[in-house]
Amino acid sequence: MTESSAKAVLEEMLASIHERREKLARHVHHREEPLPQDFAEQAIEVENDETMLALERELTEKEKQAMQALTRIEEGTYGVCTNCGEEISAGRLQALPAAGLCFDCADLEG
Ligand SMILES: [Zn+2]
């Protein structure tokens, strides 16, 4: 994957993360708003607050990784493991464009 296509993929990833966060924020904060027509759905959403927060954290983490990967593209260090300095395999970057660690280091981190 070339750096410019990686950049496009990462930017798209960030855009979809932002979109999901906005949707999530509406779910988490809309209790002051009038109840939606679908009452049952509302009840489920409140019960799922914990899940929402977990998802929010996950999105924040993904956003951070994507931003860091974009920074590495700017710095010309994209595709290089931030831990050991080895090149990250093309297949791994294809599957995880925001990956900052090579397979071995990611494996060690668990
Ligand atoms: Zn490594």
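1. Confidence first. Over the chain the mean pLDDT is 85, with 79% of residues at 70 or more. This is a predicted model, so to speak of a local feature takes pLDDT of at least 70, and side-chain atom pairs count only at pLDDT 80 or more, while totals for chains, interfaces and linings use all residues. Residue numbers start from 1 along each chain as its sequence is written.

2. Fold inventory. You get five helices and zero strands, and from the N terminus on the elements run α-α-α-α-α. Both kinds of element are DSSP runs numbered from the N terminus: helices are H or I with at least four residues, strands are E with at least two.

3. Of the 110 residues in the chain, 11% are buried. The cut-offs go by other C-beta atoms within 10 Å of a residue's own: buried at 20 or more, exposed at 12 or fewer, partly exposed in between, with C-beta atoms placed from the backbone. Among contacts with a separation of 6 or more, 60% join residues 24 or more positions apart. Two residues are in contact if their C-beta atoms, placed from the backbone, lie within 7 Å.

4. The core. The largest nonpolar core has 10 residues: Ala6, Leu10, Ile17, Ala66, Ala69, Tyr78, Ile88, Ala98, Ala99 and Cys102. Helix H1 (3-29) and helix H3 (49-75) are the elements that give two or more residues to this core, and the largest share, three residues, comes from H1. For the record, a nonpolar core is a set of buried Ala, Val, Leu, Ile, Met, Phe, Trp, Tyr and Cys residues joined through C-beta atoms within 7 Å. Leaving aside residues up to four places away in sequence, Ile88 touches Gly79, Val80, Cys81, Leu93, Ala99 and Cys102.

5. Geometry of H3. After H3 comes Gly76, with a positive phi near 80°.

6. Leu24 sits in helix H1 and counts as partly exposed because it has 15 C-beta neighbours inside 10 Å. Leu24 touches Met52, Leu55 and Glu56, again not counting residues up to four places away in sequence. Leu24 and Leu59 are 35 residues apart in sequence, and their C-alpha atoms are 10.0 Å apart in space. Leu53, found in helix H3, is exposed because it has 12 C-beta neighbours inside 10 Å. The C-alpha atoms of Leu53 and Ala25, 28 residues apart along the chain, are separated by 9.8 Å.

7. Ser5 is in helix H1 and is exposed, given 10 other C-beta atoms within 10 Å. Ser5 and Pro97 are 92 residues apart along the chain, with 9.9 Å between their C-alpha atoms. Asp104 belongs to helix H5 (residues 103-109) and is partly exposed, with 13 other C-beta atoms within 10 Å. Asp104 and Cys84, 20 residues apart along the chain, have C-alpha atoms separated by 9.3 Å.

Conventions. pLDDT = per-residue confidence, 0-100.
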